[in-house]
Amino acid sequence: EVLAALADLPAAAKGSDAYYDDQSRGLCLLVTARGVKTYYVVRRFKGRAERIWLGRYPDTTVSMARRRAGGMNAQLDAGINPNDARRRERQSLTFEELHRLYMRNHARPRNRRPETQAYHFRLYLAHWSRRRLDEITKFDVQAWHARLGEEKGQRTANIALALLRSMFNRAIEWDLFP
C-alpha cells in the first residue's frame with residue numbers, strides 16, 4: 001500500500017514537493033516537477049539545515065531509506081556530518097588544476113625555461129589530468145616511474161618524477177593538499 005501511494009504521487013507544480021515519513025526522523029521524499037522522487041534526511045546540524053541524499057525511488061525502497069536514515073541520524077547525533085566528506089571531495093583539486101597553478105605561481109616566475117616543464121607534463125604526466133590529487137597513490141607513482149624508466153629511460157623517468165614531486169610539494173606548501 002505504501003509503494004502504491006509513492007508510485008501515485010504527482011509531480012510537483014514547480015520546484016519540488018516534500019513528503020515526510022512519520023516513522024523515521026528527518027526522512028523525506030522530494031518529488032520534482034519532472035516527477036523524479038528522491039529520499040533525503042532533512043535535519044538541522046550545528047544550526048544549519050542539511051539535506052543528505054539517501055537514494056532514488058523506486059531503486060531505493062521505503063525500508064531501505066528508513067535504514068539509511070537511521071544510520072545518517074546516528075552520524076549526525078555523534079557530531080559527524082556525512083555531507084562534509086562529499087563537499088571536501090568536490091572541492092579538492094584535479095591534477096590538471098594543480099599544474100595550472102604550479103605553472104602560474106612557481107614555474108613561470110622562477111624558471112628560465114618554464115615551457116620545458118609544461119612539455120614534460122604534457123608528455124609524461126597528462127594521463128593523470130582529470131584525477132583528484134588524493135586519488136593519485138604512492139603505488140600509482142611507483143608503477144608509473146618504473147614503466148616510464150623501462151620505456152623512455154631512467155633519466156627521463158627521474159626528470160618527470162622531479163616535476164611530479166615539485167608539484168605536490170607546492171600543493172602542500174600552498175595548503176591545497178594535506
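Colleague: Which residue in strand 3 is the bridge partner of Cys28?

Modeller: In this predicted model, strand 2 covers residues 27–32 and strand 3 covers residues 37–45. The two strands run antiparallel and are joined by five bridges. In strand 3, Cys28 has as its bridge partner Tyr40.

Colleague: Which strands are the edge strands of the sheet?

Modeller: The sheet is open and is formed by four strands in the order 1-2-3-4, with antiparallel pairing. An edge strand here pairs on one side only. The edge strands are strand 1 (16–20) and strand 4 (48–56).

Colleague: At what angle to strand 3 does helix 2 run?

Modeller: Helix 2 comprises residues 62–77. This helix lies across strand 2, strand 3 and strand 4. Its angle to strand 3 is about 20°.

Colleague: How many residues of the contact of helix 5 with helix 7 are nonpolar?

Modeller: From helix 5, the contact involves Gln117, His120, Phe121, Tyr124 and Leu125. These meet Thr156, Ile159, Ala160, Leu163, Leu164 and Met167 in helix 7. Among the residues of this contact, no charged residue occurs and three are polar, while the number of nonpolar residues is eight.

Note on methods: Residues are numbered from 1 along each chain as its sequence is written. This is a predicted model: local features need pLDDT of at least 70, side-chain atom pairs count only at pLDDT 80 or more; totals for chains, interfaces and linings use all residues. Side-chain values use heavy atoms; hydrogens and water are left out. Contact means heavy atoms within 4.5 Å. Ala, Val, Leu, Ile, Met, Phe, Trp, Tyr, Cys and Pro count as nonpolar, Asp, Glu, Lys and Arg as charged, and the others, Gly among them, as polar. Two strands pair if DSSP finds at least two bridges between them. Axes are lines fitted to C-alpha atoms, for helices over the stretch in contact, and angles run from 0 to 180 degrees between N-to-C directions.
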